[in-house]
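Thanks for making time this morning. I would like to take you through one chain, residue by residue where that helps, and I will give the cut-offs as we go.

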Amino acid sequence: MEAWFLLCLCISAVLCSLDKIPVKGPGPGALRNVSKNDPGVQKAVLSGTNAFNNQSNDMFLFKASAVDRAQKQIVKGIKYVLEVEISRTVCRKSSPHTDLANCRFQPEGQLQQTFHCTFQVWSIPWLKTMTTTYFLCQPSDALLTD
């Protein structure tokens with residue numbers, strides 16, 4: 001009986017000490033850097049860009065010209081936090097069924113414009129949904145004067 005008691009005591013001591021073992025890297029649920037080429041990131045960038053296009057009064061569509069930073073967090077789905085540059089294309093909003101991927105950027109000149117945006121996009125892959133929950137975009141030239 002004493003051996004059984006000592007065994008249980010040892011197992012309890014080991015289990016109690018497990019929470020004191022340091023975890024390398026960010027803990028569960030923390031934001032983690034992710035490749036800018038990750039398919040989920042690319043879909044999230046498109047979702048954020050579409051949210052911008054739907055809210056803007058511009059005659060032309062914008063599309064991503066650079067992804068500066070991409071992070072994701074696992075929270076009842078995947079939350080993407082993105083720093084993205086979007087630039088004005090030659091495609092007009094009024095054109096129905098425009099494929100943004102085939103829109104060229106505006107050539108250098110008066111119509112050329114770029115915004116630096118922060119997008120937060122929530123993806124629930126098993127429901128096949130992706131929603132932009134937050135975005136903030138500032139003209140890139142305004143960032144140079146700040």
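Asn53 is found in helix 2, where helices (H or I, at least four residues) and strands (E, at least two) are DSSP runs, numbered from the N terminus. At 5% relative accessibility, Asn53 counts as buried, with buried meaning under 20% relative accessible area, exposed over 50%, and partly exposed in between, using a 1.4 Å probe and protein chains only. Leaving aside residues up to four places away in sequence, Asn53 touches Leu61, Phe62, Lys93 and Leu100, and contact here means heavy atoms within 4.5 Å.

Before going further, please keep in mind that this is a predicted model, in which local features need pLDDT of at least 70 and side-chain atom pairs count only at pLDDT 80 or more, while totals for chains, interfaces and linings use all residues. Residues are numbered from 1 along each chain as its sequence is written, and side-chain values use heavy atoms, with hydrogens and water left out.

As for the overall layout, the chain has 3 helices and 5 strands, and read along the sequence these follow the pattern α-β-α-β-β-β-β-α. Of the 146 residues of the chain, 29% count as buried. Among contacts between residues at least 6 apart in sequence, 65% join residues at least 24 apart.

Now to the aromatic residues. Rings of Phe, Tyr and Trp (its six-membered ring) are taken as a pair if their centres lie within 6.5 Å, and planes under 30 degrees apart count as stacked, over 60 as edge-to-face and the rest as tilted. By this rule the count comes to 5 aromatic pairs. Why is the pair of Phe52 and Phe135 edge-to-face? The ring centres of Phe52 and Phe135 are 6.4 Å apart and their planes are at 70°, so the pair falls into that class. This pair links distant parts of the chain, since Phe52 lies in helix 2 (residues 39-55) and Phe135 in strand 5 (residues 129-139), 83 residues apart. Phe52 is buried, at 8% relative accessibility, whereas Phe135 is partly exposed, with a relative accessible area of 27%.

Phe135 also forms an edge-to-face pair with Phe119, at 6.4 Å centre to centre and 70° between the planes. That pair, too, links distant parts of the chain, with Phe119 in strand 4 (residues 114-124) and Phe135 in strand 5, 16 residues apart. Phe119 counts as buried, at 0% relative accessibility. Taken together, ring pairs link Phe52, Phe62, Phe115, Phe119 and Phe135 into a cluster.

That brings me to the nonpolar core, by which I mean a set of buried Ala, Val, Leu, Ile, Met, Phe, Trp, Tyr and Cys residues joined through side-chain atoms within 4.5 Å. In soluble globular proteins, nonpolar side chains tend to be buried together. Which members of the largest core touch the most other members? Of its 18 residues, they are Val41, Tyr80, Leu82, Ile86, Phe115, Phe119 and Cys137. Helix 2, strand 2 (60-74), strand 3 and strand 4 are the elements that give two or more residues to this core, and strand 3 gives the most, with 5 residues. Ile86, again not counting residues up to four places away in sequence, has contacts that include Phe52, Phe62, Phe115, Phe119 and Cys137.

Let me turn to two residues elsewhere in the chain. Lys72 lies in strand 2 and counts as partly exposed, at 28% relative accessibility. Lys72 and Ala30 are 42 residues apart in sequence, yet 8.3 Å apart in space, C-alpha to C-alpha. Beyond residues up to four places away in sequence, Lys72 touches several others, among them Ala30, Leu31, Arg32 and Tyr80.

Is Pro107 buried or exposed? Pro107 is exposed, with a relative accessible area of 52%, and its place is in the loop between strand 3 (78-92) and strand 4. The C-alpha atoms of Pro107 and Thr89, 18 residues apart along the chain, are separated by 8.6 Å. With residues up to four places away in sequence not counted, Pro107 touches Val90 and Gln112.

I will stop there and take questions.
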